[in-house]
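I opened a notebook for this structure. The entries below follow the order in which I looked things up.

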Amino acid sequence: MGDPPARQALQLEQGSIQDRLRALERDVALVRPGELELSSPSAGTPATLQDLTAEELAAARSSMLPLALAKALHRRAVALGRDAYLDPTSGSWVFTSAALKRRPCCGNGCRHCPHGHVNVPPGERRRALDAAAASNSW
């Protein structure tokens, strides 16, 4: 008799997690010393809503497009030479595409991944690509 469906699902999830850990370990091994250094002294400070001009803020808030405020923050962060911005909805740090270009794909499904999410596990890759496409007019 086989394992119950819940146990099979747990085993699949554990296998997926182990695959992802191996991919992350491989990516960490690919990063050379100094490769993750900040592009400028201010690059370590994420862009926030306070960095947007009044016009940018008003336009983003009045937009009906998904993630309009996040897109405005991404553009402003890149223009200011910042490596990240604070997501206005979650408060999480979001790396810019400029910052992500300086290292290989980490496999985490980053919003602005310039590498096409090549190291995202197969089951999660479609979701990451769909999410990027739905919000991608960066």
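Predicted model: local features only at pLDDT ≥ 70, side-chain atom pairs only at ≥ 80, totals over all residues.

Residues are numbered from 1 along each chain as its sequence is written, and side-chain values use heavy atoms, with hydrogens and water left out.

Entry on salt bridges. I took a salt bridge to be a side-chain nitrogen of Lys or Arg within 4 Å of a carboxyl oxygen of Asp or Glu. I found four salt bridges in the structure, and I looked up some of them.

Helices (H or I, at least four residues) and strands (E, at least two) are DSSP runs, numbered from the N terminus.

Glutamate 56 pairs with arginine 76 in a salt bridge, with 2.7 Å between the closest N and O atoms. Glutamate 56 is in helix H2 and arginine 76 in helix H3, so I logged a link between distant parts of the chain, 20 residues apart. Glutamate 56 is partly exposed, at 26%.

I then checked threonine 53, which lies in the loop between helix H1 (5-30) and helix H2 (54-62). Its C-alpha atom is separated by 9.1 Å from that of arginine 76, 23 residues apart along the chain. Threonine 53 has a relative accessible area of 30% and is partly exposed.

Aspartate 51 and arginine 82 form a salt bridge through their side chains, at 3.3 Å from N to O. Aspartate 51 is in the loop between H1 and H2 and arginine 82 in the loop between H3 and strand S1 (84-86), so the pair ties together parts 31 residues apart in sequence. Aspartate 51 is partly exposed at 24%, whereas arginine 82 is buried at 15%.

Entry on backbone angles. Most residues other than glycine have a negative phi. Which phi does leucine 67 have? I read a positive value near 60 degrees. Leucine 67 sits in the loop between H2 and helix H3 (68-79) and is partly exposed at 32%. Histidine 117 is not a glycine either, and its phi is positive at about 55 degrees. Histidine 117 is in the loop between helix H4 (97-100) and helix H5 (122-134), and it is buried at 2%.

Key
Buried < 20%, exposed > 50% of the residue type's maximum accessible area, 1.4 Å probe, protein only.
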